[in-house]
Amino acid sequence: MSKSSKIWLSSPHMGGNELNFIQEAFDTNWIAPLGPNVNGFESDIQAYLKTKKSIAALSSGTAAIHLALVQLGVKNGDEVICQSFTFCGSVNPIIYQGAKPILVDSEPQTWNICPIALEEAIEDRIKRGKRPKAIIAVHLYGMPYQVEAIHHIADKYKIPIIEDAAEALGSTYNNQACGTFGEFGVLSFNGNKIITTSGGGALVCENQTVKDKTVFYATQARENAPHYEHTHIGFNYRMSNIVAGIGRGQIQVLDKHIGMRRAMHSFYKSIFKDVDAINVFEDKRDNIFSNHWLSAITIKKDANFTPEDLRLALLEDQIESRPLWKPMHMQPVFKDLPFYGQSTAEDLFERGLCLPSGSNLTDHEKNRISIKINEFLKYYGLI
Ligand SMILES: *Cc1c(COP(=O)(O)O)cnc(C)c1O
């Protein structure tokens, strides 16, 4: 058997201009967590999001969530609501602040935080004596959550929303960019995201004052003095000027890459169109646009195969696929936290699979994926 190269779930895809921005940083000796690329990348993001809000470029999406919590005054003993069906980066910063995550189930349409379970959680926590300090809502896999319903509840109880748009750069709801709806918005440029700076993130802030405060906390909370003067505890969370150079190049190709991710989604829809047992995750609301960061499928409960069977079959031909996010309330490290809702997230985890979705997959690679999947479907008598 000939050895084929690995097809990854989602791998970095450079546009071409990244090195020019890095070269410029070297030529001008801006090799620091500040400089023209950092400022440039921040205004690029702001323009891309078509927002008046201010952007602070940071070392990661997780750092962005952490600084949002810090600025919302989340402290030891506080409670913060978070969507359970997500990556641990959404939840861990709550723990960094000594606060307690209250986990909430998803709804089946968008796979994101369920309005009914959210309200139940808020009511119950208030009844027990603690008003949640913030809600972390996630646009998972680039799919916008039910913005109107969720923000309506948050307004009703006067709880700020931290909008985790780490996977949703380029997605919109009512033609407004995901990441611009919450009190704070979070973006990530980690290696597997829709664009990458190798590692990085950003916090979308209400205005310039909040951005300045964010940068203050991200640079060790240094006061304005010739010596190092500190009245607050800070963090080393600022994005470097080298990394921001990659970002400047990446944002030039973002729309093109979103087009290619969406083409991958159509590719899977056509592969599975006659397969009853498999559903390609999509949302037919007409007021949303998903970047389709990852294409995901779910397999019917009574199917004669499991997601794991398909994952292993793909792996035989060096094709990477991955189960959906394992909900936080099912994680050993979080098993004792309060959880509100039913079994939607759990059920998705058991029945779902993410398929290779990169914007850089070649026709040859798509062909390999399609052949392997068809082989699998025939073997199980599904086509
Ligand atoms: C990637 C991701 C994060 C964290 O971003 P990092 O830049 O990796 O720290 C947070 N939330 C979600 C939903 C993510 O996918």
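**The ligand site and the domain interface**

Modeller: The ligand is surrounded by 15 residues, and the closest of them are Thr62, Asp164, Glu167, Ser188 and Lys193. This is a predicted model, and the distances below are computed from its atoms. By class, the shell around the ligand holds three nonpolar, nine polar and three charged residues.

Individual polar contacts can be listed by residue. Asp164, one of the closest residues, places a polar side-chain atom 2.7 Å from a nitrogen atom of the ligand. Asn190 also contributes through its side chain, with a polar atom 2.9 Å from an oxygen atom of the ligand. At Gly61 the backbone is involved: a polar backbone atom of Gly61 is 2.8 Å from an oxygen atom of the ligand. On its own the ligand has 370 Å² of accessible area, and the protein covers 95% of this.

As for the chain, its division gives domain 1, residues 18-251, and domain 2, residues 254-379. Taken over C-alpha atoms, the centres of domain 1 and domain 2 are 26 Å apart.

Across the interface, 50 residues of domain 1 contact 37 residues of domain 2. The two domains bury about 3800 Å² between them, and carbon and sulfur atoms give 63% of that area. On the domain 1 side, Trp111, Tyr141 and Ile194 supply 21% of the area buried against domain 2, more than any other three residues. Polar contacts join 26 residue pairs between domain 1 and domain 2, counting pairs with both residues at pLDDT 80 or more. The count of salt bridges between domain 1 and domain 2 is zero.

Conventions: Residues are numbered from 1 along each chain as its sequence is written. This is a predicted model: local features need pLDDT of at least 70, side-chain atom pairs count only at pLDDT 80 or more; totals for chains, interfaces and linings use all residues. Side-chain values use heavy atoms; hydrogens and water are left out. A residue is near a molecule or strand if one of its heavy atoms lies within 4 Å of it. A polar contact is a pair of N or O atoms within 3.5 Å; within protein, one must be able to donate a hydrogen and the other to accept it, and residues adjacent in sequence count only if both atoms are side-chain atoms. Accessible areas come from the Shrake-Rupley method with a 1.4 Å probe; for residues, only the protein chains shown count as cover. Ala, Val, Leu, Ile, Met, Phe, Trp, Tyr, Cys and Pro count as nonpolar, Asp, Glu, Lys and Arg as charged, and the others, Gly among them, as polar. Domain bounds come from an automatic or database domain assignment. Contact means heavy atoms within 4.5 Å. Buried area is the accessible area (1.4 Å probe) that two parts lose on being put together, summed over both. A salt bridge is a side-chain nitrogen of Lys or Arg within 4 Å of a carboxyl oxygen of Asp or Glu.
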